Structure formats: structure tokens, C-alpha cells
Amino acid sequence: MTLRPHRTRRRALVVGAGIAGLLTARVLADTFAEVEVLEQDLLPTTPVQRRA
């Protein structure tokens, strides 16, 4: 069995910074050189509960 060299891709875009979006971004970070998370809401700089 011949293994192909791992090719790093350039960019990925994840829509949504909820738990699923952040987990997806983390997994994609192993393959992509840059991962951008796009979120509609403003994210706080300190830990606070987000609106539902």
C-alpha cells in the first residue's frame, strides 16, 4: 500500500460559532492552513452566557 503525501489546503470557512461550529473549526485546523469562523452575533471578550 502506497501512502500519498499529505497536502495541506489553504483556507476553510465555518459558518456559526456555536459548539458545533467551533468543534468543526478545530477538526478542520488539522487539514487547513487557515480556518475562519463567521458569526452573526458579536462575541464577548469575557466568558458570558450567550442568548438562546
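## A nonpolar patch on the surface

Let's start on the outside: Leu 13, Val 15 and Leu 38 form a nonpolar patch on the surface, and together they have about 320 Å² of accessible area. Patches are made of residues with over 30% relative accessible area and no salt bridge, where nonpolar side chains (Val, Leu, Ile, Met, Phe, Trp, Tyr) are joined within 5 Å and like charges within 9 Å. Accessible areas come from the Shrake-Rupley method with a 1.4 Å probe, and for residues only the protein chains shown count as cover.

Leu 13 lies in strand S1, which covers residues 9–15. Leu 13 counts as exposed because its relative accessibility is 54%; exposed means over 50%, buried under 20%, and partly exposed in between (1.4 Å probe, protein chains only).

## About the model

This is a predicted model, in which local features need pLDDT of at least 70, side-chain atom pairs count only at pLDDT 80 or more, and totals for chains, interfaces and linings use all residues. Residues are numbered from 1 along each chain as its sequence is written, and side-chain values use heavy atoms, with hydrogens and water left out.

## The overall layout

The chain has one helix and two strands, and its elements run β-α-β from the N terminus on. Helices (H or I, at least four residues) and strands (E, at least two) are DSSP runs, numbered from the N terminus. S1 and strand S2 (residues 32–38) run parallel and are joined by six bridges; two strands pair if DSSP finds at least two bridges between them.

S1, H1 and S2 make a right-handed β-α-β unit. Right-handed here means that, with the strands pointing away from the viewer, the path from the first strand over the helix to the second runs clockwise. Of the 52 residues of the chain, 13% count as buried. The accessible surface of the chain comes to about 5,100 Å², and carbon and sulfur atoms account for 56% of that surface.

## Around Ala 17

Is Ala 17 buried or exposed? Ala 17 sits in the loop between S1 and H1, and it is buried because its relative accessible area is 7%. Leaving aside neighbours within four places in sequence, Ala 17 is in contact (heavy atoms within 4.5 Å) with Leu 22, Val 37, Leu 38, Glu 39, Leu 43 and Arg 50. Ala 17 and Val 37 are 20 residues apart in sequence, with their C-alpha atoms 6.4 Å apart.

Leu 22 belongs to helix H1 (residues 19–28) and is partly exposed, with a relative accessible area of 44%. Not counting residues up to four places away in sequence, Leu 22 touches Gly 16 and Ala 17. From Leu 22 to Val 37 the C-alpha distance is 7.7 Å, across 15 residues of sequence.

## One salt bridge

How many salt bridges does the structure hold? There is one, formed by Arg 26 and Asp 30, whose closest N and O atoms are 2.9 Å apart. A salt bridge is a side-chain nitrogen of Lys or Arg within 4 Å of a carboxyl oxygen of Asp or Glu. Asp 30 counts as exposed, at 54% relative accessibility.
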